[in-house]
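Okay, thanks for coming, everyone. Let me put the thing up on the screen and then talk you through a few spots.

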Amino acid sequence: MSRTDPDDDLTPTPRNRWFSRKGRLRRFVRATILICMVIAGAVFGGFLWFADSVASMRPPSATKADGIIVLTGGYLRIDQAVGLLRDGVGKRLLISGVNPSTTRAQIRKMTQSSADLFACCVDMGYQAVDTIGNASEAAKWIKDRGYASVVVVTNNYHMHRSLHELRSSSPETQFIAYPVINSDLARTNWFANPDVVRTMISEYIKFVAAATRDLTGLGKGNGLRSGPPSN
């Protein structure tokens, strides 16, 4: 009768090597968990930075530029942009991303502006369908006018992504942020408002996606409608 050597049970098998305390599988799982924790921490930290930056944005007290661009998405944006034009902050105003069904007369009436101001100094951009399109439309307008500096008017939560796309499309231009603030986020508990939190998260994700796209060199469309410009 043969006798089994007790040391044979201590010899690691391939299966034991994978599942032992220092096995490959456990090392892989630990490394994966660590990487996920680092990524989650970076994403959360980035969101805190983004939210704090948006909440602390303020329009500049005094500024001057060659032109003004307003990205459509709310009448308050256009009102403030037209007011800046009226005050002489810029020579001309581009309203980018106008709905094809909206006329110049409707916007002029909505902003209660003079016909002379709109006739001389307001350009309507009907081709942009998103923020990338706004940047494409603005880049052509800036190049055609030969402008070196432009004031950008859009909501505070939309400003980071807007500036990113604009600088990507027109890197030589100096863009000056003029955020439109619907409510003072710095003085309110905005994180207790589900609508504001959803907007912040959505804009942060879009901003990170845009930055990642450009960092990795992935292509992007021009964000413009096909066909001739509307009048």
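So, Phe-50 and Tyr-204 are both buried, where buried means under 20% relative accessible area, exposed is over 50% and partly exposed lies in between, with a 1.4 Å probe and protein chains only. Quick caveat: this is a predicted model, so local features need pLDDT of at least 70 and side-chain atom pairs pLDDT 80 or more, while totals for chains, interfaces and linings use all residues. Numbering runs from 1 along each chain as its sequence is written, and side-chain values use heavy atoms, with hydrogens and water left out.

Back to the rings. There are 5 aromatic pairs; rings of Phe, Tyr and Trp (its six-membered ring) pair if their centres lie within 6.5 Å, and planes under 30 degrees apart are stacked, over 60 edge-to-face, the rest tilted. Phe-50 and Tyr-204 sit 5.6 Å apart, centre to centre, with planes at 50°, so that pair is tilted. Phe-50 is in helix 2 (residues 24-55) and Tyr-204 in helix 8 (residues 194-216), so the pair ties together parts 154 residues apart in sequence. Helices (H or I, at least four residues) and strands (E, at least two) are DSSP runs, numbered from the N terminus.

Now the strands. Strand 4 (residues 149-155) runs parallel to strand 5 over 7 bridges; pairing takes at least two DSSP bridges. Val-152 stands opposite Ala-177 in strand 5. And 5 of the 7 residues of strand 5 (residues 174-180) are buried, so that strand is largely enclosed by the rest of the structure.
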